[in-house]
Amino acid sequence: MGNWIINNGLTSFIMVAWMGINIFLFVWFYFFYDLGDEFFYTRHLLGSALAWARAPAAVLNFNCMLILLPVCRNLLSLIRGSFVCCGRTMRKQLDKNLSFHKLAGYMIGLMTAVHMIAHLLNVEWYNNSRRGVYDKLSTALSNLEDTENTTYLNPIRTTDVDAQQTPTYFVFTTIAGLTGVIITLALILIITSSMEVIRRSYFEVFWYTHHLFIVFYIGLVFHGAGRIVRRQTTTNPPHNFTFCKNRTDDWGRIPECPIPQFAGGFPQTWMWVIGPMFLYLCERVLRFIRYVQTVRYRKIVMRPSKVLELQLVKSGFKMEVGQYVFLNCPAISQLEWHPFTMTSAPEEDFFSIHIRSAGDWTDKLISIMQQLPEGEQGPKMGVDGPFGTASEDVFDYEVSMLVGAGIGVTPFASILKSIWYKFKDSNPKLRTRKIYFYWLCRETHAFEWFADLLQVLEREMEERGMGDFLTYKLYLTGWDQSHATHAMVHFDEETDVVTGLKQKTHYGRPLWDKEFEQVRKENPTSVVGTFLCGPVALAKVLEKKCAKYSDVDPRKTKFYFNKENF
């Protein structure tokens, strides 16, 4: 439990606080509408469905305010920079921005369903009351008109339409009904296209439908302008519903029972969302400014395993290790922006990215680059960023474990390059004294573009007498019998048959218990940062191992888990 608190305590506290606010808002507004005197007559028409419609609306407002903030990347980078002097645990929360974004989205989806179902019932009961199906009081309240002396309570004002068609007519001819349909349809498309299988296989579908959030927010702001939920207002003399509810014939005839007056509630949603909408608008303006800035190609290289390396130069561009950028290529799509981790070091006068063929957009980009004549500049490229990630904190730890899977090695290429430069310049600010690097790949070709960097680092460490600084292990998770036979024949050679490195390639997957036990044994009093850029399944395994092998005693080894999120 102590280990779990070390790694997840603050995250859990934030989640509990968020859920607590949601529950408080729901309960508060439920009882506000279920017990409030000004809604007595409204409740008589609608019953408990009134409270069941309004309570989710309050939760929706709160989460619609929050959901835009985690995707304001420049804001997060600014906050991350301001937390440099604070604890690493606080900065780690910023790396979980997309997880919180999804969580808020789930809450919005759930509350929208409850809100919609309750209001569909409300419309049906409004319609029945308008047609005199219920008691005398319901009929009297529904017959109140908008005149000089009276105001209506029931928003269904006509009985000319067929009774069964009235709810549909009402939904599509009122501001609240029409905007409700629009934002519900937009939300359904946004949520369904965000499913993992669609996002991974049809990213363009996810990308374009996600921009229906613009329609969603416009509809949301105007949704409350219909003011269909109305409350009783104060009259002079006052209308006492406890005395007058059974005396509808005397309304307006005796001083104790003036005709009750009603008014719709003031729209409040815009007050919740105006701030985040403004911040997000600033975010998009900044993205456009960066988009129009000139980006020049320094080098274009096709690596093995259909990996494209782009070395780019942009005026005023400054980066830190492990950061990522968003790329836009108008020749492929004017609107699509895709995230890529930079593989260059801050000490270099350019920034580089490695792009693996993983979908329509990347396939098209690789095809365009392959068709370019030698030495020619590539198509116009928009670059937004750089943005911070968990890997930025790698040099804050005495010992770091870097785990990359496939192309997930890219942030660690930046880190290892930066280490090489720091050693070369004898940088005294380098706190890190030991790095364990693990790379898991399915194909032998994938190792080729990265092996050159490891060879340079291997040689540099040996020349400086620091061969123990970097321990790296490469794991080949996919191979055939011919490859295994070839490896066995050349087993006694000094260098590996796959990479040409002195460190031999391992076949299969790491035994993580063994690896963590070894790291703990070699660093009995250190704080170890474990960094992963890879699949969720591997993240769950490593997070559990960090908790398992951390010691609650502050004088002994502690593991902190960090994962890249895009």
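1. Ground rules. The model is predicted, so I kept in mind that local features need pLDDT of at least 70 and side-chain atom pairs count only at pLDDT 80 or more, while totals for chains, interfaces and linings use all residues. Residue numbers start from 1 along each chain as its sequence is written, and side-chain values use heavy atoms, with hydrogens and water left out.

2. The whole chain. There are 20 helices and 14 strands in the chain. Both come from DSSP runs numbered from the N terminus: H or I over at least four residues for helices, E over at least two for strands. Of the 566 residues, 49% count as buried (buried is under 20% relative accessible area, exposed over 50%, partly exposed in between, with a 1.4 Å probe and protein chains only). Take the contacts between residues at least 6 apart in sequence: 75% of them join residues at least 24 apart. Contact here means heavy atoms within 4.5 Å.

3. H3 on H14. Helix H3 (residues 49-66) packs against helix H14 (residues 269-292) at an angle of about 10 degrees, and their axes are 8 Å apart. That makes the two helices, H3 and H14, roughly parallel. For the wording: under 35 degrees is roughly parallel, over 145 roughly antiparallel, 65 to 115 roughly perpendicular, and the rest oblique. Axes are lines fitted to C-alpha atoms, for helices over the stretch in contact, and angles run from 0 to 180 degrees between N-to-C directions. On the H3 side, Asn 61, Phe 62, Cys 64 and Met 65 meet Thr 269, Trp 272, Val 273 and Pro 276 of H14. Six of these contact residues are nonpolar, two are polar and none is charged. The classes are: Ala, Val, Leu, Ile, Met, Phe, Trp, Tyr, Cys and Pro nonpolar; Asp, Glu, Lys and Arg charged; the others, Gly among them, polar.

4. H8 on H9. How do helix H8 (residues 166-173) and H9 cross? Their axes come within 4 Å and cross at roughly 85 degrees, and H8 and H9 are therefore roughly perpendicular to each other. Val 171, Phe 172 and Thr 173 of H8 make the contact with Ile 175, Gly 177, Leu 178 and Val 181 of H9. Five of the contact residues are nonpolar, two are polar and none is charged.

5. The buried side of H12. Helix H12 (residues 213-223) has Phe 213, Phe 216, Tyr 217, Gly 219 and Leu 220 as its buried residues. They span an arc of only 165 degrees around the axis, which puts them on the same side of H12 (the arc is that of the directions from the helix axis to the C-beta atoms). An α-helix has 3.6 residues a turn, so residues three or four places apart point the same way. The buried residues of H12 pack against H3, helix H6 (97-130), helix H9 (175-193), helix H11 (203-210) and H14.

6. The S6-S5-S8 sheet. This open sheet has three strands in the order S6-S5-S8, with antiparallel pairing; strands pair if DSSP finds at least two bridges between them. Strands S6 (338-341) and S8 (382-387) are at the edges, each with a single partner strand, so one side of each lacks a neighbour in the sheet. Strand S5 (residues 324-328) pairs with S6 over four bridges, and four bridges also join S5 to S8. Phe 326 has Pro 339 as its bridge partner in S6 and Asp 384 in S8. Six of the six residues of S8 are buried, so S8 is largely enclosed by the rest of the structure.

7. The S3-S4-S7 sheet. Here too, three strands form an open sheet with antiparallel pairing, in the order S3-S4-S7. The edge strands, S3 (295-303) and S7 (351-356), each pair on one side only. Neighbouring strands are turned by 20 degrees against each other on average, direction ignored. Six bridges join strand S4 (residues 307-314) to S7, and Leu 312 has Phe 351 as its bridge partner in S7. Helix H15 (residues 360-370) packs on this sheet and touches S3, S4 and S7, its direction making about 115 degrees with that of S7.

8. Asn 74. Is Asn 74 buried or exposed? Asn 74 lies in helix H4 (residues 73-82) and is buried, with a relative accessible area of 15%. Setting aside neighbours within four places in sequence, Asn 74 contacts Glu 283, Leu 286, Arg 290 and Phe 387. The C-alpha atoms of Asn 74 and Pro 386 are separated by 8.7 Å, with the two residues 312 apart along the chain.
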